[in-house]
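These are my notebook entries on a single protein model.

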Amino acid sequence: MLGLLLNDLHATSHISTTILSQGLCSPAMLKKYMTGQRKPEKLLGDALCLLILIVKEQM
């Protein structure tokens with residue numbers, strides 16, 4: 001579910017994975033979360049969800 005939201009945000013906002021992951025994780029790890037290859041730990045998942053909400057609100 002989080003991967004789908006991250007993919008949607010990446011596609012609609014045209015923000016690079018480097019920018020989206022800044023301060024949270026590596027761009028390579030973010031791509032793994034986006035594809036469903038890995039699941040983030042609870043705290044990181046919450047931070048990524050908050051990032052999605054903030055970016056969507058500013059669009």
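**Entry 1: Leu-51**

I began with the contacts of Leu-51, which touches Leu-20 and Leu-24 when residues up to four places away in sequence are not counted; contact here means heavy atoms within 4.5 Å. I located Leu-51 in helix H4, where helices are DSSP runs (H or I, at least four residues) numbered from the N terminus. I noted Leu-51 as partly exposed because its relative accessible area is 21%. On this scale buried means under 20% relative accessible area, exposed over 50%, and partly exposed in between, with a 1.4 Å probe and protein chains only. I also looked up Leu-51 and Ser-21, which are 30 residues apart in sequence and 9.5 Å apart in space, C-alpha to C-alpha.

**Entry 2: Basis of the values**

I recorded that this is a predicted model, in which local features need pLDDT of at least 70 and side-chain atom pairs count only at pLDDT 80 or more, whereas totals for chains, interfaces and linings use all residues. Residues are numbered from 1 along each chain as its sequence is written, and side-chain values use heavy atoms, with hydrogens and water left out.

**Entry 3: Thr-17**

I found Thr-17 in helix H2, residues 17-21. Thr-17 counts as buried because its relative accessibility is 11%. Its contacts, not counting residues up to four places away in sequence, are His-10, Pro-27, Leu-30, Lys-31 and Met-34.

**Entry 4: H1 against H3**

I looked up how H1 and helix H3 (residues 27-35) pack: the angle is about 115 degrees, and the axes are 6 Å apart. Axes are lines fitted to C-alpha atoms, for helices over the stretch in contact, and angles run from 0 to 180 degrees between N-to-C directions. From H1, Gly-3, Leu-6, Asn-7 and His-10 meet Leu-30, Tyr-33 and Met-34 of H3. I sorted this contact of H1 with H3 by class and noted four nonpolar, three polar and no charged residues. Ala, Val, Leu, Ile, Met, Phe, Trp, Tyr, Cys and Pro count as nonpolar, Asp, Glu, Lys and Arg as charged, and the others, Gly among them, as polar.

**Entry 5: The nonpolar core**

I listed the largest nonpolar core, which has twelve residues, including Leu-2, Leu-6, Leu-30, Tyr-33, Leu-44 and Leu-48. Such a core is a set of buried Ala, Val, Leu, Ile, Met, Phe, Trp, Tyr and Cys residues joined through side-chain atoms within 4.5 Å. H1, H3 and H4 each supply at least two residues of this core, and H4 gives the most, with four residues. I then followed Tyr-33, which touches, among others, Gly-3, Cys-25, Arg-38 and Pro-40, not counting residues up to four places away in sequence.

**Entry 6: Two loop residues**

I found His-14 in the loop between H1 and H2. His-14 has a positive phi of about 55 degrees although it is not a glycine. His-14 is exposed, with a relative accessible area of 71%.

I placed Gly-36 in the loop between H3 and H4. Is Gly-36 buried or exposed? Gly-36 counts as exposed, at 58% relative accessibility. Gly-36 and Met-1 are 35 residues apart in sequence and 8.6 Å apart in space, C-alpha to C-alpha.
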